[in-house]
Each structure stands twice: as structure tokens, then as C-alpha cells.
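Here is a short briefing to read with the model open beside you.

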Amino acid sequence: MAYSEKVIEHAENPRNVGTLDKEDPNVGTGLVGAPACGDVMRLQIKVSDDGVIQDAKFKTFGCGSAIASSSLATEWLKGRTLDEASAIRNTDIVKELNLPPVKIHCSVLAEDAIKSAIEDFRKKQSAKREAQG
Amino acid sequence: MTDPFEVLGVARRFSLDRAALEQRHRDLSRTLHPDRYVQSPPGERRMALERAVAVNEAFRALRDPLTRAEALLAAHGLAVGDADRPSQALLMEVMELRESLDEARRSPEKVTALLAQVRARSAAEEAALAAAFDADAAPGTAALAAARDALVRLKYFRRFEEEADDALDI
């Protein structure tokens, strides 16, 4: 498997590896995986009260392309609004990282992780609003 | 992919007699051995060679419970693919295990303990596969769904075992 330079760069120097407090109401967590390759990917966002992503972290156990896809996703997420973040498509990741066809599912996984993190954050926020009446 | 059960001519079951499978593989390989086709026309010789390759592949697929389960599900059109998503409970368990493995990397004792724990989980999934596939002569929708879930878990646990083995090798 010949990886593109950008994939190698991200896989060797992943950005934003780590954990955010998943109990924090301003943090959304997405946990996804691809059983075909046994990958697991966690992506977290911390959202400010005005709906901008202040911080993003990830932890991925998987191939270089899966690590690079999630690493790139966290870079792109910071400073975006939730709507802008939802607009990120796996095809953007494929293009940026020059992923070969057999690795496209890694970018799909990253897009799924972004979506579930946003969904988790929104769920928490509506639960908070309900609790406040 | 061709059906390995059909290639080897063995019953499509999860639980199978390992010795009988090996014997079947040996017999077929002997019948298809290139030495027997030296005098044959090129077309026949090539066909025997292709069959011998298929027999080896089928044997490898059926020897391992994981690929055997994959072959059974594929025969029902239920192969696990890139679009499948495991349950949150499994993902949480696997994430936790993988993080523990990362932390344990410098301690062979801890890695060995984690490995033993996960091997027990794999064995349980293999038992679940046997129950799901073989309880009935023709497993129903619910049994096949249960088998598919067990296979996904087994795939994750096997992947963990590979990583843990690598950690012990270094």
C-alpha cells in the first residue's frame, strides 16, 4: 500500500490526539468503527456557547489512512460553527489526503465520527434545556 | 469469492471435524497434483492447477473459525462490509481495551493478562457462532443476525490479539 505524503505526515505526526471530558455538557463525543478492518475511532469536539468549535481531539486505533482522516478532521473542525462542521464531506478528506479507492471507507468513518460528535453535543444541549425547563 | 464449503465438498456447518477437513484437503491436493497431469493436454493441466489453488484457498478459509463464519454468512448474502457499524457497547469496550494495551505496552505481564482476557472473549464468540449457525440445519434470520454480531465482535477481539502479540514481540 503506497500512502500519499499527506497521509504519512498525519499518521506520523497526528494532530490533536487526546481526550476531552465526555461528561462536559459542551463536549460532543463520536465513537465509530469499521468491523471489516477492526478499526475504532473516537472524535470529540468542545463547543463554545455561541456554537463555535473551540477544540477537537481524536483517538484512532486503525490503519494510517484512518488515523490521517481523523487527524485532518480535527484540524478542520477547530474554529468552525456546527453547521460548517456538518458540511464536511468524506470526499473533501479523500481529496486532501489523496486516498486510494480501497481507503475511502476510512474517510467515511471520519465523516461519521464528526456527525456523531455533533449529534451527541446537540442531544446534551437539548437535555440541558429541558432540565432547565 | 467462491464458496469454500463447495470447493472442498464438505457440509456447510460452523462446527466441523478438523482432522476430516485436513484429510479432505490432502486427498484433493493429491488428486490435483501437477505430477499427475504431466501427460495431459495444456488446458486440462491448467484447470487442475487452478483447482488446486482454489482448494488451498478454501482450506485456509475453513481452517480458521473467523473466516469460516465469514464464508457461512457470505453464502447467505450477509457478508460484513465497510458500511457496517458495530454497536456502541462494543466500540466502548474495544476503545477501553486498546487504551489499556497502549498503557500496558512496557509491561509484558500486563499485556499477557489483557491478551488472556481477550482470548477468553474470542473463545466465547466462537461458541456463540457455533450455537447460532448449527442449532438448526437451516439457521433463520434471528440466528444469522446473532452470528453476524458475534463475528463482528470476534473480528475486533482478533485484531486486539494481533496488536497485543506485536507488543509482546518487541
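What share of the contacts in chain B with a separation of 6 or more comes from residues 24 or more positions apart? Such residues account for 71% of those contacts, where contact means heavy atoms within 4.5 Å.

This is a predicted model, in which local features need pLDDT of at least 70 and side-chain atom pairs count only at pLDDT 80 or more, while totals for chains, interfaces and linings use all residues. Residues are numbered from 1 along each chain as its sequence is written, chains are lettered from A and ligands numbered from 1 in the order in which they are written, and side-chain values use heavy atoms, with hydrogens and water left out.

**Chain B as a whole**

- Chain B has seven helices and zero strands; helices (H or I, at least four residues) and strands (E, at least two) are DSSP runs, numbered from the N terminus.
- The radius of gyration of chain B is 20 Å, well over the 15 Å that the globule rule gives for 170 residues, so the chain is more spread out than a compact globule. That radius is taken over C-alpha atoms, and the globule rule is 2.2 Å times the number of residues to the power 0.38.
- The C-alpha trace of chain B spans about 60 × 45 × 30 Å along its principal axes.
- Of the 170 residues in chain B, 39% are buried. Buried means under 20% relative accessible area, exposed over 50%, and partly exposed in between (1.4 Å probe, protein chains only).
- Chain B exposes about 9800 Å², with 53% of it supplied by carbon and sulfur atoms. Accessible areas come from the Shrake-Rupley method with a 1.4 Å probe, and for residues only the protein chains shown count as cover.
- Chain B is divided into domain 1 (4-63) and domain 2 (88-169), with bounds from an automatic or database domain assignment.
- The centres of domain 1 and domain 2 of chain B, taken over C-alpha atoms, are separated by 30 Å.

**The sheet in chain A**

- Three strands of chain A form an open sheet in the order S1-S2-S3, with antiparallel pairing; two strands pair if DSSP finds at least two bridges between them.
- At the edges are strand S1 (27-34) and strand S3 (53-61) of chain A, each pairing on one side only.
- From one strand to the next, the twist averages 15°.
- Helix H5 (residues 104-132) of chain A packs on the sheet and touches S1 and S2 of chain A, and its direction makes about 145° with that of S1(A). Axes are lines fitted to C-alpha atoms, for helices over the stretch in contact, and angles run from 0 to 180 degrees between N-to-C directions.

**Pairing and cover in the sheet**

- S1(A) and S2(A) run antiparallel and are joined by eight bridges. Thr29(A) stands opposite Gln44(A), and Leu31(A) stands opposite Arg42(A).
- Four residues lie between S1(A) and S2(A) in their hairpin, and Gly38(A) in the turn has a positive phi of about 75°.
- Strand S2 (residues 39-47) of chain A is joined to S3(A) by eight bridges. Here Val40(A) has Phe61(A) as its bridge partner, and Leu43(A) has Phe58(A).
- The hairpin of S2(A) and S3(A) has five residues between the strands, and Gly51(A) there takes a positive phi near 80°.
- In S1(A), eight of its eight residues are buried, and in S2(A) eight of its nine are.
- In a regular strand, side chains alternate between the two faces of the sheet. Both faces of S1(A) are covered, with buried residues including Val27(A) and Leu31(A) on one side and Gly28(A) and Val32(A) on the other.

**Residues to find in chain B**

- His25(B), in helix H2 (residues 18-31) of chain B, is buried with a relative accessible area of 13%. Not counting residues up to four places away in sequence, His25(B) touches Val55(B), Asn56(B) and Phe59(B).
- Ala61(B) is found in helix H3 (residues 42-63) of chain B and is buried, with a relative accessible area of 13%. Leaving aside neighbours within four places in sequence, Ala61(B) is in contact with Pro4(B), Thr67(B) and Arg68(B).
- Asp166(B), in helix H7 (residues 141-169) of chain B, counts as partly exposed at 43% relative accessibility. Asp166(B) and Arg105(B) are 61 residues apart in sequence and 9.9 Å apart in space, C-alpha to C-alpha.
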